[in-house]
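Please find below a colleague's note on the structure shown here.

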Amino acid sequence: MATATGMTTAETLDLFKKYVVPNYARYPIVLVRGEGSYVWDSEGNRYLDFFPGWGCNLLGHCPEPIVRAVQQQVATLIHVPNTWHTEAQGLWAQALSERSFGGQAFFCNSGAEANEAAIKLVRLHTPKERYKIITFRGGFHGRTLAATAATAQPKYHEGIGPLMAGFQYAPFGDLEATARLIDRETAGIMIEPVQGEGGVQIPPDGFLQGLRKLADDNSLLLVFDEVQTGCGRTGEWFAYQHFGVTPDIMTLAKAVCGGIAGAAMLTTAEIAPSLRPGMHAATFGGNPIAARAGLAAIEMIEQENLLQQAQQIGDVFRARLNELRTQCEIIRDVRILGVMIGIELAVEGAPLVKTCLERRLLINCTQGTVIRLLPAMNLTVQQAHDGCDILAKAIKELCVI
Ligand SMILES: Cc1ncc(COP(=O)(O)O)c(C=O)c1O
């Protein structure tokens, strides 16, 4: 089947071979269209997508309110830099502020960029001698050099050293070890409230509260990287709201614009002025298209009651996967918060991803053995069951081997 431009699948793959830097492991599939939780390839195959856009398409593919908002904005004003004010950026900042901890937003374009802003702000806001930030093993904060240094996983550090100085790594969930790392040079603590790429790791009871106390007792800033967990993914606007712990700084990206590229760093009105004019910027940050898409995403989630739906869909997965776990001993653990789902296996997950792909279900594997699902929050109950049927059958086949 030819694509909209008349190219065959082979011709597109050939373009990539010749002209695109080979830094991604890509499936030999060309995707041409998406709608809700389905995508179609250039051969006409339809896939049920339990991992839409690596977590960016939390509202499904091409959600109508986002499409409409972008279409209207793109015909009115595509981009103006941050030397000007736009109504859209102001309203977007207000909407995020009102749904989180108040305060103010800095806008940029990606999760790594939002974390860079957070790292700079931590250093700028604390006394000069304080520059160290404690992050957590298994965490993931992005691919820029500072974000990579913040990411406490040696595999991402290979060959790119020397790393940016100032990051210290603590075991996720270990308060005492975290406390031992704090000294007079420590400026902040940065953590994903639920680790995503690290295998959907939910913190033990009291851990985030303990970090808040450590930060308060030692005058440190607490940063929550909610790039993956934010914007409704866990069934609350932000994952921290499950734990009753408020950060000083929070970063958002992935789903924040309903699938359009965009990101934000939020902080309190007291801390925000430390990022003074000239210290930081992003040319495209908070552009009118991203801002309108961000506003439309918030409106859609509220109008369609999607926070509640995310929790209900999470419950469907919990019931299905816990039942499967009783029948299949290769499932070691099931970890779910809203539509953030991890299935820890006793075996490598890659063959399962391949089998599901062949059966037209898209899933992800992280850390070698954790099947990660980040379905859309407007996935239907029927679609959840359809995908779980495929997944359950494929996992049971692995059990038999
Ligand atoms: C928790 C977290 N932080 C940061 C990032 C980096 O985001 P981006 O790829 O938009 O730079 C990711 C990406 O997966 C993430 O999961």
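This is a predicted model: local features need pLDDT of at least 70, side-chain atom pairs count only at pLDDT 80 or more; totals for chains, interfaces and linings use all residues.

The numbered points below take these topics in turn.

1. The packing of helix H9 (residues 288–303) against helix H3 (residues 87–99) may be taken first. The axes of these two helices come within 8 Å and cross at roughly 40°. An angle under 35 degrees would count as roughly parallel; H3 and H9 are therefore oblique to each other. The crossing in which H3 passes H9 is left-handed.

2. Which residues make the contact between H3 and H9? On the H3 side they are Glu 87, Ala 88, Gln 89, Leu 91, Trp 92, Ala 95, Leu 96 and Arg 99. H9 contributes Pro 288, Ala 290, Ala 291, Arg 292, Gly 294, Leu 295, Ile 298 and Glu 302. By class, this contact of H3 with H9 comprises 10 nonpolar, two polar and four charged residues.

3. H9 also packs against helix H2 (residues 64–74), at an angle of about 150° and with the axes 9 Å apart. Because an angle over 145 degrees counts as roughly antiparallel, H2 is described as roughly antiparallel to H9. The crossing of H2 and H9 is right-handed.

4. In the contact between H2 and H9, the H2 residues are Pro 65, Ile 66, Ala 69, Val 70, Gln 73 and Val 74. Their partners in H9 are Pro 288, Ile 289, Arg 292, Ala 293, Ala 296, Ala 297 and Met 300. The residues of this contact divide into 11 nonpolar, one polar and one charged. Pro 288 and Arg 292 of H9 are listed in the contact with H2 and also in the contact with H3.

5. A further helix pair is formed by H11 (residues 350–358) and H12 (residues 381–400), whose axes come within 10 Å and cross at roughly 135°. That angle makes H11 oblique to H12. H11 passes H12 in a right-handed crossing. Leu 352, Thr 355 and Cys 356 of H11 meet Ile 390, Leu 391, Ala 394, Ile 395 and Leu 398 of H12. The contact of H11 with H12 has seven nonpolar residues, one polar residue and no charged residues.

6. Residues surrounding the ligand include Ser 110, Gly 111, Ala 112, Asn 115, Phe 140, His 141 and Gly 142. Also among them are Glu 192, Asp 225, Val 227, Gln 228 and Lys 254.

7. How far from the ligand is the polar backbone atom of Gly 111? It lies 2.8 Å from an oxygen atom of the ligand. For Ala 112, a polar backbone atom is likewise 2.8 Å from a ligand oxygen atom. At Phe 140, a backbone N or O atom lies 3.4 Å from a nitrogen atom of the ligand.

8. Gly 161 and Pro 162 are joined by a cis peptide bond, with omega about 0°. Pro 162 is found in the loop between helix H5 (145–150) and strand S6 (167–170). Asn 305, a residue other than glycine, has a positive phi near 55°. Asn 305 is placed in the loop between H9 and helix H10 (306–327).

Definitions and conventions
Residues are numbered from 1 along each chain as its sequence is written. Side-chain values use heavy atoms; hydrogens and water are left out. Axes are lines fitted to C-alpha atoms, for helices over the stretch in contact, and angles run from 0 to 180 degrees between N-to-C directions. Helices (H or I, at least four residues) and strands (E, at least two) are DSSP runs, numbered from the N terminus. Angles under 35 degrees count as roughly parallel, over 145 as roughly antiparallel, 65 to 115 as roughly perpendicular and the rest as oblique. A crossing is left-handed if the near helix is turned anticlockwise from the far one by less than a right angle, and right-handed if clockwise. Contact means heavy atoms within 4.5 Å. Ala, Val, Leu, Ile, Met, Phe, Trp, Tyr, Cys and Pro count as nonpolar, Asp, Glu, Lys and Arg as charged, and the others, Gly among them, as polar. A residue is near a molecule or strand if one of its heavy atoms lies within 4 Å of it. A polar contact is a pair of N or O atoms within 3.5 Å; within protein, one must be able to donate a hydrogen and the other to accept it, and residues adjacent in sequence count only if both atoms are side-chain atoms.
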